[in-house]
Amino acid sequence: MDTTGEPGGQPRSDSAAVGRDGGDHIIVAATETFLAHRNLLFTVAYELLGSAADADDVLQETWLRWVGVDAVQVDEPRAYLVRITTRQALNRLRAMKRRREAYVGSWLPEPLLTTPDVACDVELAESVSMALMLVLETLTPTERAVFVLREAFGIGYDEIAAAVGKTPAAVHQIAHRARRHVEARRPRRSVTAGQAEAAVEAFRRALETRDLQSLLDVLAPDVVAISDGGGIKQATPRPIIGADKVARFIVGGLTKKDVTLTVAVTMVNGSPALALHMDGELDGVIAIRVEDTHVTGIYYVRNPQKLTHIESETPLTLR
């Protein structure tokens with residue numbers, strides 16, 4: 001019986017891994033294989049869960065199952081590891097439903113610090129963008145897994161079917177349904193990297209100077225701002241729509257006596273973003289969506305529980 005719960009590999013007995021010559025070599029080899037695919041596995045888990053912390057937990061669970069498998073019996077380690085990761089992430093995603101329903105205020109994905117290389121991979125950058133991650137939240141767990149594995153990573157229907165416990169024919173239908181759902185809500189990508197950087201820099205200058213007019217100049221008329229404080233820090237209970245309302249909300253929220261505001265450009269979820277510090281301490285991260293050279297989406301994450309990776313982790317290349 002396969003104790004990992006994943007088909008295709010045979011469990012290794014304890015005596016095979018411990019107390020036998022070569023046991024350490026087996027563990028080392030399993031570790032090397034896992035690390036070779038770690039960035040991919042993390043990205044899969046993060047896109048399914050919207051949380052770097054939960055993605056880390058899923059990878060730990062994946063590792064524990066992987067070292068318990070006789071790798072000699074696994075034809076495709078990458079596919080096998082993706083399958084384990086997907087199943088563990090799906091289990092966690094379903095369990096998180098109640099937690100999400102009880103969340104205070106608007107929910108945003110945990111911002112993920114990424115390298116500039118991620119922005120160069122247009123498809124990857126879009127797949128982890130705040131805007132698309134919010135669209136993925138409207139899918140069922142299985143739809144989300146199928147969409148991510150197929151659209152973001154180009155994994156075949158047979159492999160996806162094994163990962164989600166469906167037939168290839170069913171997965172094909174789910175993929176079509178999820179793709180149609182996402183395309184109807186997917187933001188347009190109509191700017192170059194340079195245009196996005198210019199818009200974010202203009203936004204940064206307006207924030208630091210608290211210049212209302214400069215802020216209005218860079219905001220699109222129908223800009224949407226969403227803030228996430230998680231019930232720990234102050235945030236708006238629902239999205240704010242419209243340039244004037246958004247600008248006044250931002251400037252009003254940052255106008256505090258005896259507080260030094262510094263705004264630094266960083267790279268979050270594959271796109272330029274802003275890290276806001278109040279008196280030297282990280283207050284929040286603003287992910288920004290730019291369309292037609294204007295800011296159309298502002299995603300302000302203030303929940304301290306979602307900011308731990310920003311200061312403690314090095315930027316990720318993802319895959």
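Over the ring of which residue does the charged end of Arg150 sit? I looked it up in the model, which is predicted. The ring belongs to Tyr157, and the charged end of Arg150 is 4.3 Å from its centre.

**Entry: helix 12**

I turned to helix 12 next. Helix 12 runs over residues 168-185, 18 residues in total. I compared its reach with expectation. From first C-alpha to last it spans 26 Å, close to the 26 Å expected at 1.5 Å a residue.

Which residues of helix 12 are buried? I noted Val171, Ile174, Ala175, Ala178 and Val182. They sit on the same side of helix 12, because their arc around the axis is only 105 degrees.

I then checked the face turned away from the buried side. That face carries Ala169, Gln173, Arg180 and Ala184, which are exposed.

What covers the buried residues of helix 12? I found helix 9 (130-136), helix 10 (141-152) and helix 11 (157-164) among the elements that do.

**Entry: Val148**

I picked Val148 in helix 10. Val148 is buried, at a relative accessible area of 1%. I looked for its contacts, leaving out residues up to four places away in sequence. Val148 touches Glu47, Leu48, Leu136 and Phe153. I also took the spacing to Ala178 of helix 12.

**Entry: aromatic pairs**

How many aromatic pairs are there? I count 3. I logged one of them, Trp66 with Tyr80. Their ring centres are 5.9 Å apart and the planes make 50 degrees, so the pair is tilted, falling between the 30 and 60 degree cut-offs.

Which parts does the pair tie together? Trp66 is in helix 4 (residues 52-66) and Tyr80 is in helix 5 (residues 77-95), so the pair links parts 14 residues apart in sequence. Trp66 is buried at 2% relative accessible area. Tyr80 is buried too, also at 2%.

**Entry: Glu291**

Last stop, strand 7 (residues 281-291), where I find Glu291. Is Glu291 buried or exposed? Glu291 has 7% relative accessibility, so it counts as buried. Which side chain does the side chain of Glu291 meet in a polar contact? The partner is the side chain of Arg289, at 2.7 Å.

Notes:
Residues are numbered from 1 along each chain as its sequence is written. This is a predicted model: local features need pLDDT of at least 70, side-chain atom pairs count only at pLDDT 80 or more; totals for chains, interfaces and linings use all residues. Side-chain values use heavy atoms; hydrogens and water are left out. Helices (H or I, at least four residues) and strands (E, at least two) are DSSP runs, numbered from the N terminus. The expected span of a helix is 1.5 Å times one less than its number of residues. Buried means under 20% relative accessible area, exposed over 50%, partly exposed in between (1.4 Å probe, protein chains only). The arc is that of the directions from the helix axis to the C-beta atoms. Contact means heavy atoms within 4.5 Å. Rings of Phe, Tyr and Trp (its six-membered ring) pair if their centres lie within 6.5 Å; planes under 30 degrees apart count as stacked, over 60 as edge-to-face and the rest as tilted. A charge sits over a ring if NZ of Lys or CZ of Arg is within 6 Å of the ring centre and within 35 degrees of the ring normal. A polar contact is a pair of N or O atoms within 3.5 Å; within protein, one must be able to donate a hydrogen and the other to accept it, and residues adjacent in sequence count only if both atoms are side-chain atoms.
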